[in-house]
Amino acid sequence: MTTIFLALSLAVDAFAVSVAQGLSPCFKKIDVVWLALYFGGFQAGMTLLGAFLGSHFSDLVGAFGPWIAFLLLAGIGVQMVRSSRICEEEACSTGLTHRRMLVLALATSIDAAAAGVSLGLQQVGVLYACVVIGLTVGGLSAVGGLAGERVGTGLHKKAELVGGLVLIGLGVRSLIL
């Protein structure tokens, strides 16, 4: 049961970012699959990495993790806000790219490395936990992308502006919490 709660708590940021990405007028149905694969894969992988690297990595994540998350999330958010102010055809040329997905997945999975460290110290099957985390985060990311797309339909540029502001807010929140 603890593993499921951990997976749900790790999925919150990925879900919010997926909703923000779904708000974009450039969002396509196939992007739902990419959201699930990137976010679920990175969360599971970073959890596994944290479990194996142990307490040394925990100190690094604790010290720099919030700043890294802030810079990555705020950077993508600013990019989305900017693209909300240009014509739709030009904005869609820089839509949900694999590069953007990589940055977002990394930004939202930094806390998973710290969680992995704690799993490595407990009597929890790390591989089992990684699978549960990956599937949970992937599934909720797909749902978030679809929800964002549904809300964003018809709102176009305003939705992308809101999505960018949400990402900037998540970045700022990573510094505060």
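Which residues does Phe39 touch, not counting residues up to four places away in sequence?

1. Quick answer, with the reminder that this is a predicted model: Phe39 touches Ala14, Val17 and Ser18, then Met101, Leu104, Ala105 and Thr108, and also Val137 and Ser141, leaving out residues up to four places away in sequence.

2. Now for helix α2, residues 30-53. With 24 residues at 1.5 Å a residue, α2 should span 34 Å, and its end C-alpha atoms are 34 Å apart, so expectation and model agree.

3. The buried residues in α2 include Asp31, Val32, Leu35, Tyr38, Phe39, Gly40 and Gln43. Further along, Ala44, Met46, Thr47, Gly50 and Ala51 are buried too. As a reminder, an α-helix has 3.6 residues a turn, so residues three or four places apart point the same way.

4. On charges, the count comes to 1 salt bridge. Its partners are the side chains of Lys29 and Glu149, at 3.0 Å from N to O. The pair links distant parts of the chain, 120 residues apart: Lys29 sits in the loop between α1 (2-22) and α2, while Glu149 belongs to helix α6 (residues 126-152).

5. Are those two partners buried or exposed? Lys29 has a relative accessible area of 57%, so Lys29 is exposed. Glu149 comes in at 17%, which means Glu149 is buried, as the cut-off for that is under 20%.

Methods. Residues numbered from 1 in each chain as written. Predicted model: local features only at pLDDT ≥ 70, side-chain atom pairs only at ≥ 80, totals over all residues. Heavy atoms only, no water. Helix = DSSP H or I, 4+ residues; strand = E, 2+ residues; numbered from the N terminus. Expected span 1.5 Å × (residues − 1). Buried < 20%, exposed > 50% of the residue type's maximum accessible area, 1.4 Å probe, protein only. Salt bridge = Lys/Arg side-chain N within 4 Å of Asp/Glu carboxyl O. Contact = heavy atoms within 4.5 Å.
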